[in-house]
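Hi,

Here is the structure I promised to pass on. Have a look at it first, and then read on for what turned up.

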Amino acid sequence: MNDSTDKSSSPQRHADTRVVTAGRDPRSYHGFVNPPVYHASTVLYPSAEDFVAHRARYQYGRRGTPTTEALEGALAELEGPQCAGVALLPSGLAAITTALLSVVKSGDHLLVTDSAYGPTRNFCEQILTRLGISTTYFDPTAGPEIAEQFRPNTRALYLESPGSLSFDMQDVPALAKVAHDNGAVVLMDNTWATPLYFRPLEHGVDLAIQAGTKYIGGHSDVMLGTVSANAANVAALKQTVRLYGLCEGPDDVYLGLRGVRTLAVRLERHFKSGLAVARWLEQRPEVLRLLHPAMPSHSGHAIWKRDFSGASGLFSMVLKPVPQKAVYAFLDTLTLFGIGASWGGYESLAIPFDCTPARTATCWAPGGPTVRFHIGLEAVEDLLADLERGFAALAVAARAQ
Ligand SMILES: Cc1ncc(COP(=O)(O)O)c(C=O)c1O
């Protein structure tokens, strides 16, 4: 538990090794360790006959280059042997919407976890409804009883575990089984764990999505989305990407590939530091509870322990009731925690949030104000000292009310 050893395919090398070796073939690029970044649109064919017959290893910039193949190959290897192909998209949200569009058609019904990333819900409400596709949101903690919510036209089950902001854990294998028994495809946003800490395709998921913007990139300087598909779903995924004309810029593909090489060491540090900070916060008198799946106090801890081999640096905290102004004073006092949304970079972040507008199947009543943290690569001691100052400011602001 809690190392990045690949448990599910024992003859394979450790994940720590595969992030270094996957998708690399230095002999194909003159011995250089990394592939070149192909800035490319047109591909020149040797003859008119070859052009007409599409006889070429690469056909057009949008359709793939050695750089995109290197990242796709690396990610496929991390996902495990069930992965039949990877698509690269210009953002995590584009990966979500493209994966959904590759499985649904007009008249279909979709089951989506209630704690899905907010813009995923917006896409269902504002685009899929226009296409005649309806969505029902379900309690993320539902088990096999989810079967009751399947309709004859339910085409897909969409999961995200842990869920955005509230960190509810889902029983992915149990939910996937019900979906498959009902003829539905299973999609999952796996951005939080990455395939190093959870391999969705080996737990019944058909299409595994990542916002590569977060831990794959790892430096808050790239927008990237990835979808990994099993054999049954890869053709429809690739066709959807092709028909929509989607592709990712070469420099961003390269940054994603570069991020993969250090993913294991970065994640290990995010995991360790995140847990250390969460444990410290849990002891604070100002804190009601932590929403961190790797902590025994979390309601989904048993599922995390069973299915995941690590945790990232993202979790939430519920404070004992104080005026919102005191929460803002806490956040505004922090100097090592940026106030910003996109996590997974090397830096720590802290934001206030309220899930109320983004929940319809469950009731968001955490018992106090909520803050989401991303724990970066800084020294834990410095982060704790910063948080200590934040709590002092919170107390002053709360007394001033
Ligand atoms: C869980 C999750 N999925 C997807 C996304 C979307 O990624 P992107 O910002 O690359 O579109 C985010 C962004 O915050 C996220 O938190």
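Let me start with the aromatic rings: the model, which is a predicted one, has 12 aromatic pairs. Phe198 and Phe308 make a stacked pair, because their ring centres are 4.4 Å apart and their planes meet at 10 degrees, where anything under 30 degrees counts as stacked.

Another pair to look at is Trp280 with Phe391, which is tilted: the centres are 6.2 Å apart and the planes are at 45 degrees. Trp280 sits in helix α9 (residues 250-282) and Phe391 in helix α12 (residues 380-400), so this pair ties together parts that are 111 residues apart in sequence. Phe391 has a relative accessible area of 1%, so it counts as buried. Both residues also belong to one aromatic cluster, together with Phe315, Phe330, Phe337 and Phe373.

There is a charge over a ring as well: the charged end of Arg121 sits over the ring of Tyr137, 3.9 Å from the ring centre.

Now for the ligand. Which residues come closest to it? Of the 14 residues that surround the ligand, the closest are Gly92, Leu93, Asp189, Thr213 and Lys214. Helix α4 (residues 92-101) gives the largest share of this shell, with 3 residues. Sorted by class, the shell holds 6 nonpolar, 5 polar and 3 charged residues.

- Asp189: an N or O atom of its side chain is 2.7 Å from a nitrogen atom of the ligand.
- Lys214: a polar side-chain atom lies 2.8 Å from an oxygen atom of the ligand.
- Trp343: a side-chain N or O atom is 3.2 Å from an oxygen atom of the ligand.

As for how covered the ligand is, it exposes 390 Å² when taken alone, and the protein buries 89% of that.

Over to you!

Definitions and conventions:
Residues are numbered from 1 along each chain as its sequence is written. This is a predicted model: local features need pLDDT of at least 70, side-chain atom pairs count only at pLDDT 80 or more; totals for chains, interfaces and linings use all residues. Side-chain values use heavy atoms; hydrogens and water are left out. A residue is near a molecule or strand if one of its heavy atoms lies within 4 Å of it. A polar contact is a pair of N or O atoms within 3.5 Å; within protein, one must be able to donate a hydrogen and the other to accept it, and residues adjacent in sequence count only if both atoms are side-chain atoms. Accessible areas come from the Shrake-Rupley method with a 1.4 Å probe; for residues, only the protein chains shown count as cover. Helices (H or I, at least four residues) and strands (E, at least two) are DSSP runs, numbered from the N terminus. Ala, Val, Leu, Ile, Met, Phe, Trp, Tyr, Cys and Pro count as nonpolar, Asp, Glu, Lys and Arg as charged, and the others, Gly among them, as polar. Rings of Phe, Tyr and Trp (its six-membered ring) pair if their centres lie within 6.5 Å; planes under 30 degrees apart count as stacked, over 60 as edge-to-face and the rest as tilted. Buried means under 20% relative accessible area, exposed over 50%, partly exposed in between (1.4 Å probe, protein chains only). A charge sits over a ring if NZ of Lys or CZ of Arg is within 6 Å of the ring centre and within 35 degrees of the ring normal.
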